[in-house]
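The following exercises are to be worked with the sequence and the three-dimensional model at hand. Each task is followed by a stepwise solution.

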Amino acid sequence: MLDNLGSLERTHTCGELRKEHVGSDVVLMGWVAKKRDFGPLTFIDLRDREGVTQVVLNEETSAEAHAKAKDIRAEFVLGIKGKVVEREGTHNAKLATGDIEVHASELLIFNDSKVPPFELEKAGSQNLASEDLRLKYRYLDLRRPQLQNNIRMRAKAVAAIRQYFDGRGFIEIETPILLKSTPEGARDFIVPSRIHTGKFFALPQSPQILKQITMIAGFDKYFQIARCFRDEDLRADRQPEFTQLDMEMSFVNREQVYHEMEGMFNHVMRLIDVEFPAEWPRMTHAEAMRRYGSDKPDLRFEMELQDLSTALKDTDFAPFRETLDKGGEVKCIVVKGRADYSRKQTDELQEYVKRYGAGALAWIKVGDETTSSLLKVLGQAKIDELVSAAGAEKGDAVLIVAGRKSVVAASLGALRLEVARREDLIDRAAYKPLIVTEFPMFEHDEESDTYVAAHHPFTSPMDEDIELFKTAVNDPSQHHLLGQVRAKAYDAVINGYECAGGSIRIHQKEIQDLNFKALGMTVEKARERFGFFLDALEFGTPPHGGFAAGIERTCMILCGTENIRDVMAFPKTASAQDLMMDSPGEVDESQLDELGISVE
């Protein structure tokens, strides 16, 4: 028979008791983490969110409680009344409560438990249950101390963000969840209206337009912890619904926004005793792509991309010659001390870069006798010249990719990270921040031969590029110049993760109209989608800018995990399913009828 709580109250948590509590009468409540039966003595590790306390039930001194303990097992919910006693010669250094134990005088069983589908005690080891199984029983997985600590760290991070912005004079404003669909990036999640049949709301991909409208409304400094939704393909650090810090300021330049971005992250990183510089290093997008092949470079290790194009400018080797003639490039990375790469290893790396569009991976192994996959076609003299151009030394491996600049950057940038992981080159104890600036305003879509917004369609061009921007938009023969227009856009990067992104926004209707035109949007289409915003721009819009920071990605760094699901209480799988609730699911026919929807 189960016991009732009645008027019983906890006196302490399971992580609280220390030597100074010895002799105290206490009441603990929690879950059975582990039980060990030694006949006349039964030991229970009692767990709650604060920790674990060892409880001892003695047949001689508490016969009734000892007898009840025989029937309990893992995850039973208990109440314990007893006295704190110092452990004798059995200190447990793994527990904060390892100097004491509680000798129980009374045991209450508030609830029993089925045998869990996986062992929580082993969940942090190599015996970790499959992620799908743990997601199906998420309420059990969340009892693990690691995940509990992650979720608590997330709560602390959000509290620290609120503390920072409140102290800086920002106003927290909630924006609606049900919006109009204005697709300009990822796919919207749409919500049918019952009252207005055939019409739909959309869930916000971000509060972008609304936060700009708060600037038009004169609030000057806005922030929000905002829920956002994007119906897009998932990755390890992506989810269909996520949370972001959203902020916006009026009458500011980029440096003022950088200052707030740095200040907020510096404040939050102190939660794990990491001190960033007041001013982070800056790097333009062009430099980041040239040096690291990535707009979010991980600076915890070296291995920059080296350009071999000049050394190969006179080559007759057809693949390199054709690449250079078409405006492409030949670049490499140097892997220190790995001239001993086997054929199998270089083949694996070749397959890896092919995922990013590279046609092949050439290599040079620098040793007493330098060898290369290019030796027969280039000759020893040219190989030696390439080794010198790459800055390689004896014992190093040089890994080479040729192709379009975008392909070379993507493949070598990814290879740089993959090699660093394989060779254990990343200093996991280091934290390297960076602000990447001057992003391209547009990206060229080769399939449709059109230009799309690299950031979002409300991003302002650099002042120096406005005339170039106007020429490229208004003169069809100069449309290709859009690829040269830089934006007042920036990202905050920590350890290779894009943790925040933002821009100075367009605040003049003329420039906004031109930007929609540049994106191939007719006047009618722009008004259909964004008419309310275009109207608002005509009522005294101040210069303004801001940024959005991913709460989950920030917490991944704080918690030292590479899986976004580790910092979310109830995440979706990589296929956007909630295994615990078995959603998405079907709905009743009557609900569809009310909405005027039929499923075929």
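**Exercise 1.** Determine how the end-to-end span of helix α15 (residues 523-537) compares with that of a straight helix, and locate its bend.

*Solution.* Helices (H or I, at least four residues) and strands (E, at least two) are DSSP runs, numbered from the N terminus.

The model is predicted: local features need pLDDT of at least 70 and side-chain atom pairs pLDDT 80 or more, while totals for chains, interfaces and linings use all residues. Residues are numbered from 1 along each chain as its sequence is written, and side-chain values use heavy atoms, without hydrogens and water.

**Exercise 2.** Identify buried residues of α15 and elements that cover them.

*Solution.* Step 1: buried means under 20% relative accessible area (exposed is over 50%, partly exposed in between; 1.4 Å probe, protein chains only).
Step 1: Ala526, Phe530, Gly531, Phe533, Leu534, Ala536 and Leu537 are buried in α15.
Step 2: the cover over these residues includes α5 (208-216) and α14 (509-518).

**Exercise 3.** Describe the packing of helix α13 (residues 466-474) against α14.

*Solution.* Step 1: the axes of α13 and α14 lie 9 Å apart, at an angle of about 50 degrees. Axes are lines fitted to C-alpha atoms, for helices over the stretch in contact, and angles run from 0 to 180 degrees between N-to-C directions.
Step 1: α13 is therefore oblique to α14, since angles under 35 degrees count as roughly parallel, over 145 as roughly antiparallel, 65 to 115 as roughly perpendicular and the rest as oblique.
Step 2: Phe469, Lys470, Val473 and Asn474 of α13 make the contact (heavy atoms within 4.5 Å) with α14 residues including Glu510, Ile511 and Leu514.

**Exercise 4.** Characterise the surroundings of Arg505.

*Solution.* Step 1: Arg505 is placed in the loop between β21 (497-504) and α14.
Step 1: with a relative accessible area of 2%, Arg505 is buried.
Step 2: leaving aside neighbours within four places in sequence, the contacts of Arg505 include Gln208, Lys211, Glu248 and His544.

Note on methods
Expected span 1.5 Å × (residues − 1). Bend = angle between axes of the 7 residues up to and from the residue.
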